[in-house]
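Please read these notes with the sequence and the structure open beside them. They are set out as numbered points, each on one part of the fold.

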Amino acid sequence: MQDPIAIAAPLVRPRTFAALGVPSFRVMWAGTWASYIPFFMANVVNGVVAFQLAHVNRAVGTVVFAQGIAMATLAPLGGAGADRWPKRRVLVLTQLAAASVFAAFALLLAADRLSIAALTVGSFVLGVSISFLGPARQALAAELVGPELRGNAVALNQVPLTGSQVLGPALAGLLLASPFGATGAYALMSSLYVAAALSLAGLPPSLARTNAADTHVLADLRDGLRYVAKHRRLRLLVLFFVAVITTGFSYITVLPGLVEHALERSAEAVPPLFFTSALGGLSVTLATARLADSRSALALFVAMPFVFAAGLLGLSLAPSYATGVATMFVVGMGFGGFQTLNAAVIVRATEPAYLGRVFSLSMLAFAGVSLMSLPVGILADAIGERPTLATLSGVVVAIALAVGLQLRRIEEARPTPS
């Protein structure tokens, strides 16, 4: 069987913004900002609201856990749907569903009826939406450009992702500190998802499988799992990403508690930490987009978890709030670079017909984060936020060492291209 990595040859002179030369990709890229900004606002607002309602880390973990259950269950199915159904239609429906959830949160909070139970149910619905939204958006980005730009396109698709990590927490912080509070934040998040859905009207109809009626969606799912299982390199790349993100990124659960218990600020002071992290991620994303279709992409991909772990360790040792905010820049560099390069190496190692399903398996990383949030919250309540962050840092280093060595052996065994 042909190695799927050979499907598209690397660009000789990669350009950072090459895919933006495709008009339809530009339209989708612009609308992606409106989809990602409310997602990262929710990371801040939901955590702060949950912590203020219950004043324990496990309350935040419970809300995020519900989203993880939905994603862990449905993300693979969402990937099969992205390879089977018109991607534009999937994106419209899922974004309108997310808009409805945030509108409900705004109304309940305004009526002083919002509870941990309601946040948990809403988070589950959001997880269902994200399970279908994420794979469809990444697969559509690759569909809108030629094979020679696929790596660059999915890497550039990370720019709104990391940029929204800057704008989302900033907007969340401003609204939480304003008279509008969390109610205004939820209303804005709902409006942005509606705008993201409307922006898709400017795209041409997306492709759907011509023989979709001949197979069942579950059969497509099994086919996708077999495809990944057959290719050791692709399988290892997916597992690497899932393992690092599941363990490392669950640090967000303890941030409100860290700020309040260790850094002596209120939980509402969390947004600047997210903001600084996102700045670090955005800086690395722009730098790595240029290298997304180059042969150095894999080496950089393997290196980024060590940067991420160093940032988490620094955060655990931060003596003050200001130091913690500064340390988050390193956390963001490692996380943002790893996330961006994952999309690039995955798209170049996958045949186009399987992109949605493979991306959905990568999304299990964020389902894992949500599922880990509850035990991490319980651990932080038991031993403290600082030791919990140090533990997560050590686990990320161990995973990166183990998987990095295996990937190096695979690369050394592959024939050198002429």
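1. Trp85 is partly exposed, with a relative accessible area of 33%. That value comes from a predicted model, as do the others in this note. Phe132, at 16% relative accessibility, counts as buried, because the cut-off for buried is under 20%.

2. A search of the whole structure turns up 16 aromatic pairs. Trp85 and Phe132 make one of them, a stacked pair with 6.5 Å from centre to centre and 25° between the planes. Trp85 sits in the loop between α2 (57–82) and α3 (87–110), while Phe132 belongs to helix α4, so their pairing ties together parts that are 47 residues apart in sequence.

3. Phe102 and Phe105 form another aromatic pair, and here the geometry is edge-to-face: the centres are 6.2 Å apart and the planes stand at 75°. Both residues are in helix α3, three residues apart, so about one helical turn separates them. In an α-helix there are 3.6 residues a turn, so residues three or four places apart point the same way. Phe102 counts as buried at 1% relative accessibility, and Phe105 counts as buried at 2%.

4. The next points concern helix packing. Two packed helices are described by the angle between their axes and the distance between the axes. For helix α1 (residues 23–54) and helix α4 (residues 116–143), the axes come within 12 Å and cross at roughly 160°. That angle makes α1 roughly antiparallel to α4, since angles over 145 degrees are classed that way. The crossing of α1 past α4 is left-handed.

5. On the α1 side, the residues that meet α4 are Phe25, Met28, Thr32, Ser35, Tyr36, Phe39, Asn46, Val49, Ala50 and Leu53. On the α4 side, they are Ile116, Leu119, Ser123, Ile130, Leu133, Arg137, Leu140 and Ala141. Sorted by class, this contact has 13 nonpolar, four polar and one charged residues.

6. Ser24 is also found in helix α1. Is Ser24 buried or exposed? Ser24 is buried, with a relative accessible area of 16%. Leaving aside residues up to four places away in sequence, Ser24 touches Leu144, Leu203 and Pro204.

7. Helix α4 also packs with α2. The axes of α2 and α4 come within 7 Å, and they cross at roughly 25°. α2 is therefore roughly parallel to α4, the limit for that description being under 35 degrees. The crossing of these two helices, α2 and α4, is right-handed. By class, the contact of α2 with α4 has 19 nonpolar, eight polar and no charged residues.

8. In helix α10 (residues 255–262), the buried residues include Leu255, Pro256, Gly257, Leu258 and Val259.

9. How do helix α13 (residues 321–348) and helix α14 (residues 355–383) cross, and within what distance do their axes come? The axes come within 10 Å and cross at roughly 155°. α13 is therefore roughly antiparallel to α14. The crossing of α13 and α14 is right-handed.

10. From α13, the contact draws on Phe335, Gln339, Asn342, Ala343, Ile346 and Val347. From α14, it draws on Leu355, Val358, Phe359, Ser362 and Phe366. By class, the contact of α13 with α14 has eight nonpolar, three polar and no charged residues.

11. Met372 lies in helix α14 and counts as partly exposed, at 26% relative accessibility. Which residues does Met372 touch, not counting residues up to four places away in sequence? Met372 touches Thr246 and Ser250. Met372 and Thr253 are 119 residues apart in sequence, and their C-alpha atoms are 9.0 Å apart in space.

Methods: Residues are numbered from 1 along each chain as its sequence is written. This is a predicted model: local features need pLDDT of at least 70, side-chain atom pairs count only at pLDDT 80 or more; totals for chains, interfaces and linings use all residues. Side-chain values use heavy atoms; hydrogens and water are left out. Axes are lines fitted to C-alpha atoms, for helices over the stretch in contact, and angles run from 0 to 180 degrees between N-to-C directions. Helices (H or I, at least four residues) and strands (E, at least two) are DSSP runs, numbered from the N terminus. Angles under 35 degrees count as roughly parallel, over 145 as roughly antiparallel, 65 to 115 as roughly perpendicular and the rest as oblique. A crossing is left-handed if the near helix is turned anticlockwise from the far one by less than a right angle, and right-handed if clockwise. Contact means heavy atoms within 4.5 Å. Ala, Val, Leu, Ile, Met, Phe, Trp, Tyr, Cys and Pro count as nonpolar, Asp, Glu, Lys and Arg as charged, and the others, Gly among them, as polar. Buried means under 20% relative accessible area, exposed over 50%, partly exposed in between (1.4 Å probe, protein chains only). Rings of Phe, Tyr and Trp (its six-membered ring) pair if their centres lie within 6.5 Å; planes under 30 degrees apart count as stacked, over 60 as edge-to-face and the rest as tilted.
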